[in-house]
Amino acid sequence: MARILVTGGAGFLGSHFCEHLLARGDEVVALDNFATSDGSNIEALRDNSRFTFVEADVVEELPVRGPLDVVAHLASPASPPEYLKLPLETLRVGSTGTERCLELCRRAGARFLLASTSEVYGDPQVHPQAEAYWGNVNPIGVRSVYDEAKRYAEALTMAYSRIGLVDVGIVRIFNTYGPRLRPGDGRVVSNFLVQALTGEPLTIYGTGLQTRSFCFVDDLVRGLCAMADVRGVTGPVNLGNPIEVTIEDLAGRVQRVTGSTSGVVRLPGPTDDPARRRPDITMARRLLEWEPLVDLDDGLRRSAEWFAGQLGRSGLVPMREKP
């Protein structure tokens, strides 16, 4: 049993990670400032005697006492609408927040797990993306607040590692989806599912031929756990599904699993939107013995069931239940 601090623990990915850690017997301290979450994701965890929640901003303080084995830094706005709305907060959580976590690890002798992102590759000119690729990021573009925050976080983490202060592990997370994505968070899977379930046309930005690789959240958290456990594996290590699909194909899959016949609407693509995205997970397979297992259609069905329940509770009756 380990004692693990998860920053951003009330968010989409953080709450799933906390749940998985508790299920395997760990003690979990979740820290969050509710900048992009409301606490509902962790309500079911609060009665667990091995779970503690701390409301705090990692940029300001880390009021966590007692021994720690791992500090997992997952705190950050993660979807374009969120980090574009909170640009300075996003930069600070990647810089000052990362440094505070590293210093806590140095004092506690804990392993540091940084949740970085495939966005460090920018609009990649190498395909698929392996960890050795340096990326193609616009440092002054609108998306740079997130891309560069994560790139700086990686640089800071590696500096602590190189001078022997902290045992670190960096994972680069590709598009992840599943239950607990917020209906209005702006990510393509949640957008499509909500639109399909409520009878609205699915909004495709750009040509629809841009590609992504979608990993179900249960698979992703297995990878996080593996990286947290293996001391001495620094990375960075890609975590994502190597099966690449176009956004147009994703829209069709969502329509099929939800039974939607509402069609699509096309709008101009966002600035600096990557044209292709697919992880090379050779390193994850070799070092972590990890690869995703959940089929995309199965994951979409499971996600659609969750979203249908959420929409019903909010008064927005899913399309398939309308009279």
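I began with phenylalanine 34, which I found in the loop between strand S2 (27-32) and strand S3 (51-55), helices (H or I, at least four residues) and strands (E, at least two) being DSSP runs numbered from the N terminus. Phenylalanine 34 has a positive phi of about 60 degrees although it is not a glycine. I noted beside this that most residues other than glycine have a negative phi, and that most peptide bonds are trans.

Before going on I wrote down that this is a predicted model, in which local features need pLDDT of at least 70 and side-chain atom pairs count only at pLDDT 80 or more, while totals for chains, interfaces and linings use all residues. Residues are numbered from 1 along each chain as its sequence is written, and side-chain values use heavy atoms, with hydrogens and water left out.

Next I looked up cis peptide bonds. One joins histidine 127 and proline 128, with omega about -5 degrees, and proline 128 sits in the loop between strand S5 (111-117) and H4. Another joins glycine 235 and proline 236, with omega about 5 degrees, and I placed proline 236 in the loop between H6 and strand S11 (237-239).

Proline 236 came up again in the second largest pocket, where Arg151, Glu154, Ala155, Arg172 and Pro236 are the closest to the centre among the 16 lining residues. For the terms I recorded that, on a 1 Å grid over the protein atoms alone, a cavity is a set of points where a 1.4 Å probe fits but cannot get out, a pocket is an open set with protein on both sides within 12 Å along at least five of seven lines, and lining residues have an atom within 4 Å of a point. The second largest pocket holds about 240 Å³ of space, a volume being the space filled by probe spheres set on the points, which are joined across faces, edges and corners. Helix H4 (144-162) and strand S6 (168-173) each supply at least two residues of this lining, and H4 gives the most, with five residues.

I then turned to how H4 packs. Helix H3 (residues 87-108) and H4 pack at an angle of about 15 degrees, with their axes 8 Å apart; axes are lines fitted to C-alpha atoms, for helices over the stretch in contact, and angles run from 0 to 180 degrees between N-to-C directions. That makes H3 roughly parallel to H4, as angles under 35 degrees count as roughly parallel, over 145 as roughly antiparallel, 65 to 115 as roughly perpendicular and the rest as oblique. The contact (heavy atoms within 4.5 Å) includes Thr90, Gly94 and Thr98 of H3 and Ala149 and Ala153 of H4.

The whole structure has one cavity of 30 Å³ or more, and about 60 Å³ of space lies in the largest cavity. Its lining includes Thr90, Gly94, Thr98, Ala149 and Ala153, and H3 gives the most to that lining, with four residues.

Helix H1 (residues 12-23) and helix H6 (residues 217-229) pack at an angle of about 65 degrees, with their axes 9 Å apart. That makes H1 roughly perpendicular to H6. Among the residues making the contact I listed Phe12, Leu13 and Phe17 of H1 and Val217, Leu220 and Cys225 of H6.
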